[in-house]
Amino acid sequence: MIPQETIERVAAANDIVEVIGAHVSLKRMGARFRALCPFHKEKTPSFYVDPQRQTYKCFGCGVGGTVFKFVMAYENLDFPSAVRRLAERVNLPLAEAEFRGGDSDPAFQLKRRLLSLHAEAADWFQRHLMKSPEAQPARDYLKGRGIDREVAASWKLGYAPNAWDGLRDWAIGNGYTMDELVAGGLVVVKDDAKRGTYDRFRDRLMIPIGNEQGETIAFSGRVLAAEAQAAKYVNSPETPLFTKGAVLFGLHRARRAIIEAGCAIVCEGQLDLIAAFEAGIENVTAPQGTAFTSRQATLLRRCAEEVILCFDADAAGQQAAERSFAALLEANLTVRVASMPPGEDPDSLIRSRGADAFRERIAQARDFFDFQIERLGGTFDLGTARGQAAFARRMAESVRLVGDPLLREAVVGKISARLGLPAERFRELLVAKTRLYATEPADDRPTELSVVERPAVAVSQLITLALQHEESRRWMLAQPDWRERLRRVRGGELLARVLGARLTASDSASTNAFLSSLPPGEEQVLADLGFNEVPAHPAHVLEDCWLGLEEEELVARREAFQARMRAPNVALEETWNLNQQVLDLQNRLTDIARLRSSRRGLD
Ligand code: ZN
């Protein structure tokens, strides 16, 4: 458990507007900030950040909460990691003891060691690239691609010397262990009886792969000799730091430009990306490996609505593009395809014809389905029924992934036009083998919110006050029967928890630390209520709602009595008794209603 104090310190030091603003483009709207929700697809912004309360809330998909909740959801972290990430963000040192189960966790320790190993190894490779005589071919190669010293340094490019244990000896000499080198994938254990080792990367141009914070977590090593028998790229294996398919190359540098453009240009190779970025086209990224995974697509969806695939014109490039579609469409991204002139990639195009030639290609990018229809249309014989059906089925695989019904209809129209058949016939072609609309990708997924019952109206208002208005909070705590009273109303236990917590309602860091300590469903409900405005006359609302609690309870009791009266086999005497109680309750309810309405008259 992280102490509440620590959480409060971290919350106080991290302004939610700055934290969210680093990922989402926020526009000021009065006292709040507004943006397109990073958690669901929308055209008009319904995602709000409240600087005063230090909370966020999406009125579209219902997500919301504290700065911790945001970091957890956005970066897919658990709570302690989110606290740590935010502490690091503001250089707030956290004592070792504050993270029992954090720093003392061996897996976590290993990650820290591997991060520092990768940072130092990147420096070591870079020193070799800049200085070592044997790195001359690497320097020549970069020069040939128009990458000068400065650019190479800014992307931390390096050179792995042509030796079997150069990196190993350096790292051991610098205090790293063999276990760490193997765990980080930098050294490979030989598959023989002696279990010797060798450096994974030898005589290669080294391209560090960064996480979203820009820390090096893996490497790509590119072969330099054109005629070499070796693989063009050698990549780090999966390690505790690096999960293939979960990282997008260059995203930590390109994210801001991608957010601003609302669009990401996806290049096939890392050097293509560097060339485009350095030519001023900065909203670029590259999948790690050839095709997009759904995790990468989700990452991208947080900062862009649209993706332009910019893969090589060769067959391999086209196939990689096609393999990426599914993940991208499923993430609700609009996909377009930019074609490069034959034999060119973005890097060579920019070098031979300039950045504008590349921009032009991007501007002319075609809708994915047009691209797909043309590509597949050429491979089936559409003059025959069999060819038409095969084509229709292939297209249906993609169409099914489109969530937006209007867009889907437009695509169906395009495909039937290509087939020269009415849309109805296209659908018929599909029925036999493929159910076109079998799965409807849901735009708004249910949140964990549904598991916690919404509190009664009066309780909701009281929670808002208890979270935000210190005076009201004290007043409620001063009511002698508050615990008992709350036990009997819907949502009362939530309010009781707010009142029972040690927090100061006027201090957002303190309330946010409290919210973070709750299970997700409750946190969501409470964060929502904490987001509501404090009414203009809190004292009146407070007393009114407090009476409302009693009302709520009396209504519940009356209903229970009435249900009992309707039950079969109830003795006449009991019925009479129940009836009397219902009447008493009714009287008390009338009194309360009169009291409440007269008080409202005071406003
Ligand atoms: Zn949303």
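**Exercise 1.** How many of the nine residues of helix H11 (residues 270-278) are buried?

*Solution.* The model is a predicted one, and a residue counts as buried if its relative accessible area is under 20%. By that cut-off eight of the nine residues of H11 are buried, and the helix is mostly covered. The buried residues are Gln 270, Leu 271, Asp 272, Leu 273, Ile 274, Ala 275, Ala 276 and Phe 277. Just after H11, Gly 280 takes a positive phi of about 100 degrees.

**Exercise 2.** Find which residues coordinate the zinc ion, and determine the geometry of the site.

*Solution.* Begin with the donor atoms, which are SG of Cys 37, ND1 of His 40, SG of Cys 58 and SG of Cys 61, at 2.1 to 2.3 Å from the zinc ion. Next take the angles among the four donor atoms, which run from 101 to 118 degrees. Four donors count as tetrahedral if all angles lie between 85 and 135 degrees, and the site of the zinc ion is therefore tetrahedral. Finally, turn to the sequence, where the donor residues are spaced C-x2-H-x17-C-x2-C. Among them, His 40 lies in the loop between strands E2 and E3 and Cys 61 in the loop between strands E4 and E5, 21 residues apart. His 40 is buried, with a relative accessible area of 8%, and Cys 61 is buried as well, at 14%.

**Exercise 3.** Classify the aromatic pair formed by Phe 201 and Phe 219.

*Solution.* The ring centres of Phe 201 and Phe 219 are 6.2 Å apart, and rings pair if their centres lie within 6.5 Å. Their planes stand at 65 degrees, so the pair is edge-to-face. Phe 201 is buried at 3% relative accessibility, and Phe 219 is buried at 1%.

Methods
Residues are numbered from 1 along each chain as its sequence is written. This is a predicted model: local features need pLDDT of at least 70, side-chain atom pairs count only at pLDDT 80 or more; totals for chains, interfaces and linings use all residues. Side-chain values use heavy atoms; hydrogens and water are left out. Donors are N, O and S atoms within 2.8 Å of the metal (3.2 Å for Na, K and Ca); water is not among the atoms, so sites may look incomplete. Four donors count as tetrahedral if all angles lie between 85 and 135 degrees; four count as square planar and six as octahedral if opposite donors are over 155 degrees apart and all others between 65 and 115; anything else is irregular. Helices (H or I, at least four residues) and strands (E, at least two) are DSSP runs, numbered from the N terminus. Buried means under 20% relative accessible area, exposed over 50%, partly exposed in between (1.4 Å probe, protein chains only). Rings of Phe, Tyr and Trp (its six-membered ring) pair if their centres lie within 6.5 Å; planes under 30 degrees apart count as stacked, over 60 as edge-to-face and the rest as tilted.
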